[in-house]
Amino acid sequence: MNDDTLTKESPTGESRTEESPGGGPTAMRRILPADMVERGSCPFDPPPGLRERRGKGGVQPLRLQNGAGAWLVTGFEEARTVLSDPRFSADKVRHRDATSLQPHEVADLAREPLPAPAVAEREDGFFVFMDPPEHTRLRRLLTGQFTVRRMRALESRVTEIAVEHIEAMKAAGTEADLVPAFALPLPSLVICELLGVDYADRAEFQERTAVGLNANSTPEERAQAGAELYAFMQRLVAGKRADPADDLLSGLIHDADPPLTDAQLVDVALVLLGAGHETTANMLGLGTFALLEHPDQLAALRADPSLIDNTVEELLRYLTIIQLGVNRVTTEPVTLGGVDLPAGATVVIATPEVNRDPQHWPDPDRLDLSRARTPHLAFGHGVHQCLGQQLARIEMRIGLAELFAALPNLRLAVPAEEVPLRDEMLIFGVHSLPVTWS
């Protein structure tokens with residue numbers, strides 16, 4: 001849910017997006033030990049391999065499946081430092097991190113360091129993988145588009161979209177799969193509003209984005225959908241250049257000085273799509289699952305709807321759907337949490353465990369909607385902190401509130417252990433959530 005959640009591979013690599021729609025599953029299973037990816041008996045807790053590291057230091061050595069060494073950050077304060085200290089680079093063009101290396105490259109590195117690529121200036125729009133000042137320019141342009149006025153206008157549309165899809169579920173009967181019926185289309189249509197996708201094109205847009213999130217899609221189908229989505233964005237940018245409207249993409253096209261190229265605009269649009277669509281969709285699905293499995297907490301929310309803001313923050317902390325996808329590379333020797341890291345070291349932030357740091361939260365493994373609100377890292381920290389966090393909160397607050405108000409006896413239609421988890425993906429969640437009501 002932060003700047004780092006969309007494109008895991010190098011912006012100039014063969015795969016333009018890895019976990020965005022069309023990009024397919026990440027290479028996490030090939031890179032990380034299985035016990036750091038696969039969930040244990042409780043689907044809402046961090047993987048067992050992370051939980052076993054608790055209490056063993058906020059910075060720990062990590063051996064990757066490709067043979068490379070890295071450092072795992074599990075402490076809250078240490079993670080905040082990594083995300084805010086400019087000595088930890090997010091630039092995946094100038095600084096390759098160990099998770100992107102092939103085994104033969106790791107062997108080569110043992111003999112001789114990889115030469116730094118000669119990149120004078122970044123010409124892509126993947127600002128999530130940039131450092132200042134290149135990141136600063138694109139970030140400032142985007143910040144200017146996330147206005148209070150635009151967020152307020154989107155808030156009313158979120159309500160309309162949520163109510164419309166809930167009513168459609170009720171009209172179709174007393175059972176539904178909440179993921180395709182509600183959790184996926186709500187943020188997808190909000191992104192359409194934000195980018196200015198015409199109503200006539202929204203069905204195509206949703207179809208393309210849905211393929212990459214479907215567990216049954218083949219790699220070929222994902223690749224085709226990804227290429228079609230890229231072409232869709234190219235047409236959208238061209239249309240906004242010729243006929244601007246009151247939307248974010250038009251603003252980026254006509255307000256930037258110097259202007260952004262079409263390729264940069266498409267990249268930015270894809271970043272916003274991945275960071276603002278899939279993450280929120282999975283929080284809506286997984287958040288509903290968590291509340292249904294914690295009936296005492298759900299009862300407290302039903303009894304006091306004013307708890308909804310606390311509910312959103314606690315779900316963000318408790319679930320932390322970004323698994324191990326936020327990486328940085330040290331640009332010089334750094335001491336972090338009492339551990340000396342050399343220049344060129346890859347640092348992997350274990351966000352699910354960071355947001356369960358017992359030094360920061362009492363009883364961190366308990367879902368408690370009345371918990372005093374304290375900062376968490378679900379939206380990141382520092383210069384890459386999520387641009388759309390206000391919108392994500394709006395979607396979760398309205399979506400969950402409308403869902404539980406309209407369906408007061410909502411419950412799972414299958415045993416909890418039969419709900420299929422997305423633990424093979426960079427963004428954790430559920431592939432489907434069969435629910436019923438009466």
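Q: How many aromatic pairs does the structure hold?
A: There are four aromatic pairs here. Rings of Phe, Tyr and Trp (its six-membered ring) count as a pair if their centres lie within 6.5 Å. By the way, this is a predicted model, where local features need pLDDT of at least 70, side-chain atom pairs count only at pLDDT 80 or more, and totals for chains, interfaces and linings use all residues. Residues are numbered from 1 along each chain as its sequence is written, and side-chain values use heavy atoms, with hydrogens and water left out.

Q: Why is the pair of Phe44 and Phe289 called edge-to-face?
A: Planes under 30 degrees apart are stacked, over 60 edge-to-face, and the rest tilted. Phe44 and Phe289 sit 5.0 Å centre to centre with 70 degrees between the planes, so edge-to-face it is.

Q: What makes Phe44 and Phe289 tie together parts that are apart in sequence?
A: Phe44 lies in the loop between α1 (28–31) and α2 (48–51) while Phe289 belongs to helix α12 (residues 262–292), so the pair bridges parts 245 residues apart in sequence. Helices here are DSSP runs (H or I, at least four residues), numbered from the N terminus.

Q: Are Phe44 and Phe289 buried or exposed?
A: Both are buried, meaning under 20% relative accessible area; exposed is over 50%, and partly exposed is in between (1.4 Å probe, protein chains only).

Definitions and conventions: Helices (H or I, at least four residues) and strands (E, at least two) are DSSP runs, numbered from the N terminus.
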